[in-house]
Amino acid sequence: MRIPLDYYRILGLPIQATPEQLKQAHRDRTLQLPRREYSDLAITARKQLIDEAYAILSDADQRQAYDMGFLAKTYEPESEIKTPAFGKRANSETTALEPVIDSHTPSIEIEDQQFVGALLLLHELGEYELVVKLCQPYLSSGSIGLKDGRFGDPALIVPDVILTVASAYLELGREQWQQGQYENAASSLEAGQNLLLRESLFASLRGEMQTDLYKLRPYRILELLQLPLEKTSERRKGLQLLREMLQERGGIDGQADDQSGLGVEDFLRFVQQLRRYMTTTEQQGLFETEARRPSAVATYLAVYALIAQGFAEAQPALIRKAKLMLMHLGRRQDVNLEKAVCALLLGQTEEASRSLELSQEREPIAFIRENSQNSPDLLPGLCLYAESWLQDEVFPHFRDLLDQSVSLKDYFADPHVQAYLEALPNETGSTSNEWVVVQPRRPTTTSVSSSKPPASKPSSTATNLQLTSSSPERSMATVAPLNSDVSVSGVRESISPLLSAPPPPSVRTSVETGSASTSIQGSRKPSSPSRETQSSKVSEPPASSTVPPTPKPPNPSPIPNSSSLRRIQRKQDSSKWRRLLILGVGGLLGLWLLWFLLSRAFGALADVLGWSGPTLKGEQAMVQLNQPPLPIPEAKPVTAEPEKLTPEVAEAKLNQWLSAKSAALGPEHQVEALQKILVDPALARWVGMAETLKQEGSHRTYKHSVKVTEVQMDQANPNQAVAYAEVQEQVQYYSQGQLQNTEDAGLQLQYRFIRKDGEWRIEDWQVMR
């Protein structure tokens with residue numbers, strides 16, 4: 001059968017190779033062995049092809065005849081090609097399973113038993129796609145090409161071919177990964193994995209592929225979600241991969257290992273990076289599901305999606321849902337600013353004002369106050385802040401809202417919004433009681449008014465507030481209690497002053513019976529007293545009104561004298577104080593014991609029910625909207641054992657250096673190749689020389705030959721070595737395109753090598769003779 005290989009590629013040499021280079025290459029290729037899993041049959045077939053290539057190319061007559069056919073296939077028109085027959089089966093018939101080879105591609109004829117050896121050589125040359133293509137007909141369902149004994153013992157040949165093809169899939173997938181073709185890379189890895197699973201072979205190689213698939217998954221998600229919205233099936237696949245990662249990690253801020261190599265903070269940044277490629281509907285569905293784990297971060301991101309979609313699509317019901325989720329989140333976090341925006345969009349202006357009073361966000365509140373200076377309340381500044389917040393902080397993180405503008409006027413003018421807001425309970429009803437401020441209970445009945453709080457309050461008061469709700473809509477919320485103390489304050493961007501101009505006119509939002517509108521006026525009327533929230537009473541249960549029966553007096557006894565009465569009185573007084581002391585100490589001990597038992601029971605219950613989830617230690621790893629996400633860490637390539645500097649390696653490196661020198665000092669002055677073989681100080685010196693010749697309009701041409709005579713490794717540092725070489729070099733000097741001089745030199749040099757990034761580079765050299 002004919003294989004797309006040539007003898008020069010088998011030995012890894014150019015067509016101009018000398019007899020000494022042929023001998024050295026044959027020895028090196030013979031000593032190099034493939035993976036230990038290969039059978040002796042495959043290793044023997046590979047060696048036969050190497051020996052055959054050396055035998056033909058080392059014979060002058062056979063090499064001349066081979067070169068004629070080799071050059072004819074490469075350069076002459078197809079009609080003029082006359083290829084001499086080389087190989088042991090030059091006259092064999094081609095079967096239907098053998099590949100069709102382009103007439104201009106060099107090829108050789110091999111025996112069937114050498115097929116696995118040829119596959120090994122192609123794999124070593126990096127021809128992974130060609131290996132897969134050659135073996136595909138023999139691995140397809142229904143084919144018995146490998147099991148009929150044609151290529152050798154099937155018990156040995158089948159595993160060898162499977163191993164070669166699977167390894168080709170693995171390396172092909174890694175190549176595509178590095179080229180940014182993430183889905184193609186996954187397809188190659190999955191194809192190799194399926195082949196090994198089908199044949200139940202080489203579990204360790206299958207494990208390598210699975211590890212790469214895990215590390216490749218974040219890249220695939222990014223590639224799929226970046227596709228156009230019309231690619232629904234591909235985008236759905238990306239979302240499914242993301243859900244699988246979240247499930248394996250235990251949520252967005254989970255601590256489990258999904259084997260992607262991303263830590264908690266890296267994964268949070270990765271999610272932030274994904275948001276710009278996801279629509280509001282996609283984010284809402286994903287983050288609402290994640291919020292039920294529960295997760296504070298997912299809850300906050302779900303709030304963003306609900307507000308964005310509710311405002312953009314004029315669906316205030318979604319904003320209402322976001323406000324309910326914020327109430328759950330507000331038990332542990334300061335999200336009063338977001339509550340105020342939601343209340344404003346729902347037409348609940350007094351609730352919005354009360355929420356602003358509770359917010360500890362200094363910069364946004366300062367901005368709102370600055371733009372409400374001519375108004376009796378903060379609503380004008382809140383309207384301006386809400387528009388800026390939606391336009392700059394919310395919409396840019398949704399793919400379908402990037403080009404949309406924000407207008408509160410258009411939102412409130414929508415008939416659907418008007419109808420929904422009219423159906424909401426007014427602020428004096430149950431809705432207004434959602435944010436009632438409740439002071440700590442006292443022994444006596446205490447009445448706490450829920451009227452509008454003052455403009456400022458001591459911070460100590462704010463820490464004693466709690467949220468209550470009488471809204472039936474809130475009681476039906478499906479958001480589970482939060483399990484994490486992760487702060488969501490880092491999700492917010494600090495709002496800097498947006499306008500340097502004087503404050504705009506007051507913005508008044510009115511929701512009237514029959515219509516709702518937003519109007520801009522020069523001033524705002526004070527709120528009507530009828531809009532104030534009704535007061536509510538919070539008191540302790542009253543004392544019992546039942547009077548115990550009066551005990552009957554005991555039988556009369558003799559009346560004691562005065563001295564006896566005084567003694568009895570003193571005894572009674574001392575007994576009274578003793579009883580009071582015992583009761584006081586016992587009461588304190590009882591209270592302490594009761595507190596201890598209740599705290600232990602509550603802690604155990606919280607652990608069982610999952611109320612107290614894991615908390616992040618140190619700096620909070622939150623999604624930051626004001627910082628660009630970090631790129632995903634690149635997968636570490638599989639590195640082989642460091643290459644030793646042998647005479648053959650040193651000679652190849654010196655040839656590389658002399659070729660790079662010819663390119664750098666030649667007419668094109670290409671210095672890029674110098675950076676791949678030299679390090680400082682030699683690199684800086686020769687780059688400078690090339691720049692000087694370029695400025696002078698001069699260049700040089702070289703012809704050279706190199707022979708390494710000795711290599712000495714540094715015993716103290718295995719990354720350093722010295723090589724001694726004999727160099728024959730001819731130099732032609734040109735100036736302004738005219739030949740000026742020619743020199744021939746034969747030198748003995750000592751080269752200092754250093755290993756950098758796993759490869760040997762030349763650091764410097766000196767002339768010995």
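Does Arg 46 count as buried or exposed, and at what relative accessibility? In this predicted model, Arg 46 has a relative accessibility of 2% and therefore counts as buried (under 20% relative accessible area, with exposed over 50% and partly exposed in between; 1.4 Å probe, protein chains only). The residue belongs to helix α3, residues 40-58 (helices are DSSP runs of H or I with at least four residues, numbered from the N terminus). Beyond the neighbours within four places in sequence, Arg 46 is in contact with Arg 29, Gln 32, Pro 34, Gly 117, Leu 120, Leu 121 and Glu 124 (contact means heavy atoms within 4.5 Å).

Residues are numbered from 1 along each chain as its sequence is written. Local features need pLDDT of at least 70 and side-chain atom pairs pLDDT 80 or more, whereas totals for chains, interfaces and linings use all residues, and side-chain values use heavy atoms, without hydrogens and water.

Helix α14 (residues 316-329) is largely enclosed by the rest of the structure, because 12 of its 14 residues are buried. Among them are Arg 320, Lys 323 and His 328.

Helices α10 (residues 232-249) and α12 (residues 280-291) have axes that come within 12 Å and cross at roughly 15° (axes are lines fitted to C-alpha atoms over the stretch in contact, and angles run from 0 to 180 degrees between N-to-C directions). The two helices are therefore roughly parallel (angles under 35 degrees). In α10, Arg 235, Leu 239, Leu 242, Arg 243 and Leu 246 meet Glu 282, Leu 286 and Glu 290 of α12.

Notes:
Parallel < 35°, antiparallel > 145°, perpendicular 65-115°, else oblique.
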